[in-house]
Amino acid sequence: MNLFRTLPLLAAVLVLGACAGKPVRATAPPASASVGAEPSGCADAASCAGAPAPATAPAPVPVADVAAQPTRASDDTLAGTPAEAQATPPSPAAATDAEDDFAALYGPPGTEPGSGGDGATPTYDPWEKYNRRMHRFNLAVDRGIARPLATAYVQVVPRVARTGVSNFFSNLRLPVTMVNQLLQGHADDAWDSLGRFLMNSTLGIGGLFDPASKAMVPRRSEDFGQTLGAWGWRQSRYVELPFFGPRTVRDVFGLAGDVPLSPLRRVDTDTLRIGLQGLQLVDTRVQLLSLDDIRDNAVDEYALTRDAWLQRRNYQIEKDLRHDRRRHGDDEQTTIPVDAMPMPEWGR
């Protein structure tokens, strides 16, 4: 009888000894496999803390120990699983072009517009009280004059003619773009802009047509405000000008730098120059008609306009700093051009 009582005790001692002498695996078992299972014993405290165990041959595991061990995927099972199931999650590598553009436009993920997260330029609007009053004035002028004129222009003028007008004014802005590209040290971009200007001015009949785009010559748009930003004036307080709309203090100085470069302001005949400026204003407003529904339904239309303009402006400057020539510039005008308003003809 004593023998039969001693055998179970001896078996239990052997099982515990096998568990204590079993080496720790290099990789932890899957979390789903170990739920509800008791962890196996460790050789010592260092092994339990995750330290590598000495390279010794594992002791034979009794049959009774197999049932007590957590379920593990064998090497044969892993060899039969799909490759994507075995792949390790990708490490945070360099951002793609799309992520780069998103971060430049909206800030890093989880950053609210204008909040100034890591790498994002915060909204700097200490003159908000004045800016809101000026915004209400500009909004009244826009809804009372500019928007009705743009809507009538779209309804009356055929699309092909409107495209020719847009091409014409886009071509006139190229001398300003070329000078600012040179000031930023982008001589290769300035060469592209010169080629586009010459091609569209000759083959495109004064810029009414755009053969340069068919020839894959990139279209970019630069101004002196962007140049000041590329030179280091990154953060500047927001200000809204009468009639000109959203700007920053940096871009107000940029207006003064671009005025002498404008070909449109070189027109001596006042009637012709004012007529062209008015047509350019209408063409610029037409390009913004698609945003009217968003602006009209916004809870705070001023904040929407300010943040959207500042985000796009910061995005343009970030592209200038990266100087990635694979990215073609966005030539769409979202603010009143410098030569679209009657201003004093300095130097005459």
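Figure 1. The model is predicted: local features require pLDDT of at least 70 and side-chain atom pairs pLDDT 80 or more, whereas totals for chains, interfaces and linings use all residues. Residues are numbered from 1 along each chain as its sequence is written, and side-chain values use heavy atoms, with hydrogens and water left out. The side chain of Arg273 meets that of Asp270 in a salt bridge, at 2.9 Å from N to O (a salt bridge is a side-chain nitrogen of Lys or Arg within 4 Å of a carboxyl oxygen of Asp or Glu). Because Arg273 and Asp270 are 3 residues apart in helix 14, about one helical turn separates them (helices, H or I with at least four residues, and strands, E with at least two, are DSSP runs numbered from the N terminus). Asp270, at 45% relative accessibility, is partly exposed.

**Figure 2. Gln277 in helix 14.** Gln277 lies in helix 14, which covers residues 270-286. With 2% relative accessibility, Gln277 is buried. Its C-alpha atom is 10.0 Å from that of Val338, a residue 61 positions away along the chain.

**Figure 3. The salt bridge of Asp192 and Arg220.** The structure contains 19 salt bridges. In one of them, Asp192 is joined to Arg220, with 3.4 Å between the closest N and O atoms. This pair links distant parts of the chain, 28 residues apart: Asp192 belongs to helix 10 (residues 187-202), and Arg220 to the loop between helix 11 (211-214) and helix 12 (224-230). Asp192 is buried at a relative accessible area of 17%, and Arg220 is buried at 6%.

**Figure 4. Further salt bridges.** Glu301 and Arg295 form a salt bridge in which the closest N and O atoms are 2.7 Å apart. Glu301 is buried, with 10% relative accessibility; Arg295 is likewise buried, with a relative accessible area of 18%. Elsewhere, a network of salt bridges links Asp142, Arg143, Arg147, Arg285, Asp292 and Asp296.

**Figure 5. Aromatic pairs.** A pair of aromatic rings is described by the distance of the centres and the angle of the planes. Rings of Phe, Tyr and Trp (its six-membered ring) pair if their centres lie within 6.5 Å; planes under 30 degrees apart count as stacked, over 60 as edge-to-face, and the rest as tilted. By this rule, the count is 5 aromatic pairs. The rings of Phe168 and Phe169 have centres 5.3 Å apart and planes at 70°, so they are edge-to-face. Phe168 is partly exposed, with a relative accessible area of 23%, whereas Phe169 is buried at 1%. Tyr238 and Tyr302 also form an edge-to-face pair, because their ring planes stand at 70°, with the centres 6.3 Å apart. This pair links distant parts of the chain, with Tyr238 in strand 1 (residues 238-241) and Tyr302 in helix 16 (residues 301-322), 64 residues apart. Both Tyr238 and Tyr302 are buried.

Figure 6. Val179, Leu183 and Trp231 form a nonpolar patch on the surface, together contributing about 280 Å² of accessible area. Patches consist of residues with over 30% relative accessible area and no salt bridge; like charges are joined within 9 Å, and nonpolar side chains (Val, Leu, Ile, Met, Phe, Trp, Tyr) within 5 Å. Accessible areas come from the Shrake-Rupley method with a 1.4 Å probe; for residues, only the protein chains shown count as cover. Trp231 is located in the loop between helix 12 and strand 1. With a relative accessible area of 51%, Trp231 is exposed.

Methods: Buried < 20%, exposed > 50% of the residue type's maximum accessible area, 1.4 Å probe, protein only.
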